[in-house]
Amino acid sequence: MAEQKILKFPSGFLWGVSTSAYQIEGGITNDWSEWEKSELRIKNLELRNLNPRDFICGQACDSYNRYEEDLDLVKKLGCGAFRLGVEWARIEPVEGKFNQAEIEHYKEVLRAAKKRDLQVILTLWHWTNPIWLAEQGGWANRKAVDYFIRYVELIVKKLGQDVDFWITLNEPMAHLGFGYLRGNFPPARRGDLIGLIKAYKNLVKAHKLAYKKIQQIQPQSKVSFTSLTDYFEPANKYNPLDWLIVIIARYWHHRKFLNETRSYIDFIAFDYYFHQRLSWLPPFKANFNYYTNDMGWEIYPAGIYCVIKYLTSFKKPIYVMENGIADAADKKRIKFIVDHLKHIHRSISEGADVRGYLYWSLLDNFEWAHGWAPKFGLYTMDRRTFKRTPRPSVALYSEICRNNRILI
Ligand code: BGC
C-alpha cells in the first residue's frame, strides 16, 4: 500500500463553513422572494419543464429559528469560524425604519456563535435587496450607496462587538453579470449595459465607504468583500488571441473591482468554483468538463492554486471564503476537498499567505437560480421537517479541521 503523506497547515489556520442569510434563514421578503413569484420567472421555468415550486426559497432551512442547532453543527465539525449573513430586508423592511426586534435577533445569533468560541465572519449584503430599494432601481440608483452606508453603520454599532471579519458585499460582479447581463437574477434586466455600469460604480463606492465607516466605528476591524475568481486559461496556450481573451476576462470578472478597492481591503476573500478555457473564437469557451459536479460544473482543483498565485500580487492575507461541490450522493466531496486543500497547501509552501478555508456550505440550501436541486451541504436538510443529517464527508472535514492537516 502506498504510504500516506501528511500535509500540515500553518498554526492558526482558520477552518470554517460558509452560508448566507437568504439561502438558509427562511421567511424573508425581499427582491428575490418577489422575483421567484413573478410571472416572467414562472413562465421561464415552465417553458423549461421545471416546477416553479422547486424554485421558491420559502422557509429555506429555517435557520432563523434553528440557528443554535446550526451553530452546534459548526462546532461539532471542529471549525473555528462561521460565515453567515444579515438580511438587509429584515432589518430595514421599510425605507429608513429599522426593525429593532430583528436587530436583537441577530445579536442573539452572533452571541450564540461567540459562546461557542467561533470566529464570526459577517456578510452585510449577499445579492438581495429590500423591496423598497429594488423599486427605486436597486444598485443602479446612486442613492443605494447612501442607504447601504446607513444600514452598515447601524449594523456595526449594534452587532460589531461580536464580529471578527466583515464582508461588505458578496461577489458584486456575479450580481451584475446575472442581474444585468443574463437576467436570471433580479433585477432581471437582461442586456442592460447602462444599468450594469451604474450599478458597478455604485457597488465600488458602497464598498469603499462601508470600509471607511466600519474602520471609523471600530478601528482595527478586518474588512473585505468576496470576489468570485474563476480560473481562466487559454484554450490554446500558444495562441496570443486566446491569451488576450483571458486577460480581458480576468480584468472584467474580478481584477478591475479588486484594483479599484485594493486600498480598502484588509484581506483578500475569494470564492473558487470554476475553471474556464477561453478561446477567441465563438462561443469563446472550450471547456472539457470531463469530471464534473451534479450541476455539470467542471471540478478542477489545480485552478485554486493558480488563482492564489495570481492573488498574491495584492500582498494581503488571503482567505478562501467559499469552495464547495454540489454532490447529492457525496461520492466526490471528500476527494474534492482534499484535492483543493492539497493545492492550497502547495501555494502556502511556496510563500502564499493563505490563512483560512471555508467550505460552502454547512447545509443543503436554496441555490438561487438553480432552486433546491443542487446539494452543496456537508449536512443534508429535509425540506419538510428541516432535519439536518450528516453526509459521510462530515467525518473527513471534521478530521481536517481538528488536526489542521490533510492526508494524501
Ligand atoms: C455564492 C453562493 C452560492 C455558491 C454556489 C457562490 O458564488 O456566493 O451564494 O450558493 O456560489 O453556487
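This is a predicted model: local features need pLDDT of at least 70, side-chain atom pairs count only at pLDDT 80 or more; totals for chains, interfaces and linings use all residues.

User: Which residues line the second largest cavity?
Analyst: Its lining includes Tyr272, Tyr273, Phe274 and His275, and also Trp297, Glu298, Ile299 and Tyr300. By class, the lining of the second largest cavity splits into seven nonpolar, four polar and one charged.

User: How many cavities of 30 Å³ or more does a search of the whole structure find?
Analyst: Five cavities turn up at that cut-off. The largest cavity has a volume of about 140 Å³.

User: Which residues are closest to the centre of the largest cavity?
Analyst: Of its 16 lining residues, those are Ile24, Glu25, Tyr67, Leu84 and Val109.

User: And which element gives the most to that lining?
Analyst: That's α4, with five residues. α1 (21-24), α4, β3 (81-85) and α6 each supply at least two.

User: Switching to helices, how do the axes of α4 and α6 cross?
Analyst: The axes of α4 (residues 63-77) and α6 (residues 100-115) cross at roughly 10 degrees and come within 9 Å. The two helices are therefore roughly parallel to each other.

User: Which residues make the contact?
Analyst: On α4, Tyr64, Tyr67, Glu68 and Leu71; on α6, Glu102, His105, Glu108, Val109, Ala112 and Ala113. By class, this contact of α4 with α6 has six nonpolar, one polar and three charged residues.

Note on methods. Residues are numbered from 1 along each chain as its sequence is written. Side-chain values use heavy atoms; hydrogens and water are left out. Axes are lines fitted to C-alpha atoms, for helices over the stretch in contact, and angles run from 0 to 180 degrees between N-to-C directions. Helices (H or I, at least four residues) and strands (E, at least two) are DSSP runs, numbered from the N terminus. Angles under 35 degrees count as roughly parallel, over 145 as roughly antiparallel, 65 to 115 as roughly perpendicular and the rest as oblique. Contact means heavy atoms within 4.5 Å. Ala, Val, Leu, Ile, Met, Phe, Trp, Tyr, Cys and Pro count as nonpolar, Asp, Glu, Lys and Arg as charged, and the others, Gly among them, as polar. On a 1 Å grid over the protein atoms alone, a cavity is a set of points where a 1.4 Å probe fits but cannot get out, and a pocket is an open set with protein on both sides within 12 Å along at least five of seven lines; lining residues have an atom within 4 Å of a point. Grid points are joined across faces, edges and corners, and a volume is the space filled by probe spheres set on the points.
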